Amino acid sequence: SQDDGPLMCFNAAKSWQLPWYNQRKITINSGDLYEGSLDSIIQNPDVSGPPMLIKVNNAASTTDFYINYNYKSGFNSGTQEGGNQVMIVTAGAEGSGYAE
């Protein structure tokens, strides 16, 4: 039923707060370069692989950037914004502040 959906995940800032992705998240500083893959949020976070979440610390602000690949499949098949795209949101307070 629609009461149980749509099937979609939290944005990257909200996901950062949860322990689900602890083994598959990395932090970089603004100005640093990350070269590599980014696994989607529907992959198994307990299996080793590329990061699923990236936090970019913004030294010039209390607001940081949070990045994920929003693959529109499985338990995220009902996502309504940015399906199959890399998503970047901003939030303060280690992801617990307002995110856009």
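Me: In which sense do β1 and β2 pair, and over how many bridges?

Reply: This is a predicted model, in which local features need pLDDT of at least 70, side-chain atom pairs count only at pLDDT 80 or more, and totals for chains, interfaces and linings use all residues. Residues are numbered from 1 along each chain as its sequence is written, and side-chain values use heavy atoms, with hydrogens and water left out. Strands (E, at least two residues) and helices (H or I, at least four) are DSSP runs numbered from the N terminus, and two strands pair if DSSP finds at least two bridges between them. In the pairing of β1 and β2, N29 stands opposite N57 of β2, and the sense is parallel, over 5 bridges.

Me: How many bridges join β2 to β3?

Reply: β2 covers residues 53-57 and runs antiparallel to β3. A hairpin through 5 residues connects the two strands. I54 stands opposite I67 in β3, and V56 has F65 of β3 as its bridge partner. The number of bridges joining β2 to β3 is 3.

Me: How many residues of β2 are buried?

Reply: Buried means under 20% relative accessible area, exposed over 50%, and partly exposed in between, with a 1.4 Å probe and protein chains only. By that scale β2 is mostly covered. The count of buried residues is 4 of 5.

Me: Which residue in β4 is the bridge partner of T63?

Reply: β3 and β4 run antiparallel and are joined by 8 bridges. β3 spans residues 63-70, and β4 spans 85-92. The partner of T63 in β4 is G92.

Me: What is the geometry of the ring pair W16 and Y66?

Reply: A pair of aromatic rings is described by the distance of the centres and the angle of the planes. Rings of Phe, Tyr and Trp (its six-membered ring) pair if their centres lie within 6.5 Å; planes under 30 degrees apart count as stacked, over 60 as edge-to-face and the rest as tilted. A search of the whole structure finds 4 aromatic pairs. For W16 and Y66 the centres are 5.9 Å apart and the planes at 65 degrees, so the pair is edge-to-face.

Me: Which residue lies over the face of W16?

Reply: A charge sits over a ring if NZ of Lys or CZ of Arg is within 6 Å of the ring centre and within 35 degrees of the ring normal. Here the distance from the ring centre of W16 is 4.3 Å, and the residue is K25.

Me: Which element gives the largest share of the lining of the largest pocket?

Reply: On a 1 Å grid over the protein atoms alone, a pocket is an open set of points where a 1.4 Å probe fits, with protein on both sides within 12 Å along at least five of seven lines; lining residues have an atom within 4 Å of a point. The largest pocket holds about 260 Å³, and of its 15 lining residues the closest to the centre are N11, N70, T79, E81 and M87. The elements giving two or more residues to the lining are β3 and β4. The largest share is 3 residues, from β4.

Methods: Grid points are joined across faces, edges and corners, and a volume is the space filled by probe spheres set on the points.
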